[in-house]
Amino acid sequence: MEFTGFDLVIPVLVVLVLLVLFTGIKTVPQGYNYTVERFGRYTKTLTPGLSLIIPFIDRIGAKMNMMEQVLDVPTQEIITRDNAIVGVDGVAFFQVLSAPQAAYQVAGLQNALLNLTMTNIRTVMGSMDLDELLSNRDAINERLLRVVDEAAHPWGIKVTRVEIKDINPPANLVESMARQMMAERDKRAQILAAEGLKQAQILEAEGRREAAFRDAEARERSAEAEARATQVVSEAIAKGDVQAINYFVAQKYTEALAKIGSAGNSKIVLMPMEASSLVGTLGGIGEIAREVFKGEAPAQPQRNAARPPLVRSSDS
């Protein structure tokens, strides 16, 4: 069997058709978008799935990853507002929202985004003091996210998060901060101790004041009672009741004897009156009591006129 030229052309045409069809059929995986260029100009975007393009006229321009991606920000040195040098590194999360913009608005998307993030980290953190950097990390992250996302918006990129991982001050600065922290805590301890001492002194002074007030009140009541007793005795004397004055004299006499007897350096005690006189005075007190409770007339006590005896007492 002989093959003619037409028989050879048919298989060649079939192969060419298959090649053309294979060239025009494109499969886009999930999470990616392909841009299509016709004679070097962007025409459309292919979404995930099976798509057709015109062979030899259209071609795939850029294959853009539409999933959220992580960009590692390397460590860089930053000079803070108070001239402290710290090493800072971080991480950024971004997602491509528009494949044509990400493909044709910027060259080297990840490199551009990395340099943009590092520059803004130096700008934001360089305008703050070291204490603010260490205590306001959330505020720094929020400010960086807002600035970087706004700058990357024309590229069709959404920056979802910017996080500062580590802030590393120099070793000598860390040591100085530790000493400062210890001094601050010692200061607080001294202040608390001083406050406690002050409160104790205030309470003690209030206690003394309360005690003095109560002592004064007691003395006042005692003076009132003494004045009342004197008034009663005076009224009784005015009415001709002699036993009242005996009671008053006996009370003072007893108190005087107690004071004389309690003296430690006394060798000889001169009695101001004889003992029988004191007994008679006490008898007058009994008469007063009987007069009050029974209504009987008190009898006058007998007084023996005699010289005051001389009592010798040995030193205890």
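Helices H3 and H5 cross in a right-handed way, meaning that the near helix is turned clockwise from the far one by less than a right angle. Helices here are DSSP runs of H or I with at least four residues, and strands are E runs of at least two, numbered from the N terminus.

Before going on, note that this is a predicted model, where local features need pLDDT of at least 70, side-chain atom pairs count only at pLDDT 80 or more, and totals for chains, interfaces and linings use all residues. Residues are numbered from 1 along each chain as its sequence is written, and side-chain values use heavy atoms, leaving out hydrogens and water.

Now look at the helix pair again. H3 spans residues 109-126 and H5 spans residues 137-152; they pack at about 135°, with axes 10 Å apart. Axes are lines fitted to C-alpha atoms, for helices over the stretch in contact, and angles run from 0 to 180 degrees between N-to-C directions. H3 is therefore oblique to H5, the term for angles that are not under 35 degrees (roughly parallel), over 145 (roughly antiparallel) or 65 to 115 (roughly perpendicular).

Which residues of H3 and H5 meet? Among them are Leu 113, Ile 121 and Val 124 in H3, and Ile 140, Arg 143 and Val 147 in H5, where contact means heavy atoms within 4.5 Å.

Turn next to the strands. Three of them form an open antiparallel sheet in the order S3-S2-S5, and strands pair if DSSP finds at least two bridges between them. At the edges lie S3 (41-46) and S5 (58-65), each pairing on one side only. S2 (residues 32-38) joins S5 through six bridges, and Tyr 34 has Lys 63 in S5 as its bridge partner.
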